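Here is a short briefing on one protein model. Look over the sequence and the structure, then read on.

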Amino acid sequence: MKPQARVLLVGDEPGLAGLVAALGAAAARRTDPFGLRFAVVADAAGALAEVARDGAVQTVLVDAAGGDAARELPARLKAFRPELSLYAIVPGCGGAGFDDAPLDGVFRRDAVDAAGWCRTLSAGLAEKSATPFYDALRRYVAMAKDSWHTPGHSGGDSFRGSPWVGDFHDFVGENLLRADLSVSVPTLDSLLAPTGVIARAQALAAEAFGARATFFVTNGSSTSNKVILQTLLAPGDVLLLDRNCHKSVHHGVILSGARPVYLPSTPNHRYGLFGPLPRRVILDAIDAHPKARALMLTSCTYDGLRYDLAPLVEAAHARGIKVVVDEAWYTHGRFHPALRPTALEAGADYVTHSTHKGLSALSQAAMVHVNDPGFDARLFRENFNMFASTSPQYALIASLDVARRQAVMEGYTLLSRALAFAAELRERIDATGVFRVLTLDDLVPAELAGDGVRLDPTKLTVDVTPSGLPAEAVRAALFGRFNIQVEKTTHNTITFLVSLGSTRAKLERLADALAQLARERRRAAPLRPLKLAPLPGISPLACLPRDAFFETGERVPLLVGQGSANPALLGRVSCDQVVPYPPGIPVLVPGQRIDAAVLDYLARLVGGARSVEVHGLDAGADGATLRVLSADEERVRTEGSPEG
């Protein structure tokens, strides 16, 4: 399918119609890979309406004759769709008032050259849509070089014709195996020290996402979070963090040797979900810890809740605190005005993206975006290389290149469709009378009222309570009977993700399946709520998480007798992170002293009749055990270390 790029000329001068005709004729005479099509709109309002209506508009030429409105238009267009290419048509040699406008170039009215203008416009589109790494990888594969280097399958030849594994070659395909190369191919650059096609691809990604610098990551945003924290934090540095951050953040605390200040989470107990921290909690923490090195937040959450980040970033920066935002679930936000501002646009210093979650990249493909004016590139590179493989998967790198291209060239169109699908699904699911999509008011705890929290509408969290079935049973029915796989469940909710790959056919199948299940369950007794005890607060840290984690420790049973909490654990110091799901928030972190509330909570989870998944406990033959510091280890680690 050939792309089509529309070019708008904005102005009401009589000569513009003739110019459009000349440009169209010039485009028709040349080899045009972008399908250039030209049109005129009379004024700024018409231009804004057209770029909102049609995602195929890639370029806008603004006639300076439009006066102040014309001079203000480029900034307004960039604010609405930052990926647009913008040019001005000016009367003579001066800038005609466009000196500070975000323009890609200027055309002179007194030197109209339709063919030359078309070449310039095509060159701009070629630069914006370029995929340097992907193109180089395709060219190399097409050369069909004999492989005398790693990997051992040698371009797939070890699979081909094998009676035992030949089917794997057929399953994954010739091109994927030929593209599975190694650092022995210098023309494909090095992810660990990029100077060629990977460097150019990363520069294009930085421009697309609004960052000073962008780095491709082939082992997910989990590794990205660790790289950033290890770059920013020295042992003992204070980190302010949301207690319900992804577990990779807590691992980053261990690896960096940071001194964490855990900010209390705001779980939604009715649905087993968690939300952002109240703004006042964050601002108070910033005031109480002015020497903190960094603040780490998650926006948006797994369920789509987003902070109003700008005032938080401003408050942190006023104290010299760096702001790191885990935006793994919001990679698409830059490319539609209904979803902005992003964390980078709000001023965050570092942002991690699981590009594969919201854009068209392969699993594990991720990006780190940097806007920190004090960025230490050498230190970051050392930490990046410490975590990165020396044999990265080239298909992942290529998918990042391609995902960025698609987001820039058609992200607005695809996200407009996704948002429309999401709105329709909300209506149709609610219309079943049994299933209901939760609203922002349902999801946001009362503590966050007035904090400006927003909801990503592409994440649909559905309450299944009236069906009488636990969410896991609904998930199983969708999978087994209707061939539908969902994103996740809690006890009484199911989450569906609407993405760039959502289609009308998929929407109809999901809506019909839920409607049928609703008809079957319309008179069922509602599901009884899952009564989870309130999550206990974080008790004091006796030592740095790193110090506790890297000790040998000793394993102590969690339960004794008839399933009661083991009193021998009271006052002991945990070596591991213990996380029950739901809600997926740590109850214990390394270095934390175990108090009665924590111990009783864990005992109820593990010893209760209802099975709850708990990470961090060792389930041995004699029941669950917890690794804690031995008496000698605790004496060494806590001596001279104030708690709290």
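**The second largest pocket**

The second largest pocket has a lining of 31 residues, and Gln485, Leu497, Val498, Ser502 and Lys506 lie nearest its centre. A pocket here is an open set of points on a 1 Å grid over the protein atoms alone, where a 1.4 Å probe fits, with protein on both sides within 12 Å along at least five of seven lines; lining residues have an atom within 4 Å of a point. This is a predicted model: local features need pLDDT of at least 70, side-chain atom pairs count only at pLDDT 80 or more, and totals for chains, interfaces and linings use all residues. Residues are numbered from 1 along each chain as its sequence is written, and side-chain values use heavy atoms, without hydrogens and water.

- Two or more lining residues come from each of α13 (355-358), α15 (394-430), β20 and α18 (504-521). Helices (H or I, at least four residues) and strands (E, at least two) are DSSP runs, numbered from the N terminus.

**The sheet**
- Four strands make an open, antiparallel sheet in the order β16-β18-β20-β19. Two strands pair if DSSP finds at least two bridges between them.
- β16 (436-437) and β19 (488-489) stand at the edges with a single partner strand each, so one side of each has no neighbour in the sheet.
- Strands β18 (residues 459-463) and β20 (residues 493-497) are joined by five bridges.
- Thr461 has Thr495 in β20 as its bridge partner.

**Asn175**
- Helix α7 (residues 174-178) contains Asn175.
- Asn175 counts as exposed because its relative accessibility is 58%. Exposed means over 50% relative accessible area (1.4 Å probe, protein chains only).

Technical notes
Buried < 20%, exposed > 50% of the residue type's maximum accessible area, 1.4 Å probe, protein only.
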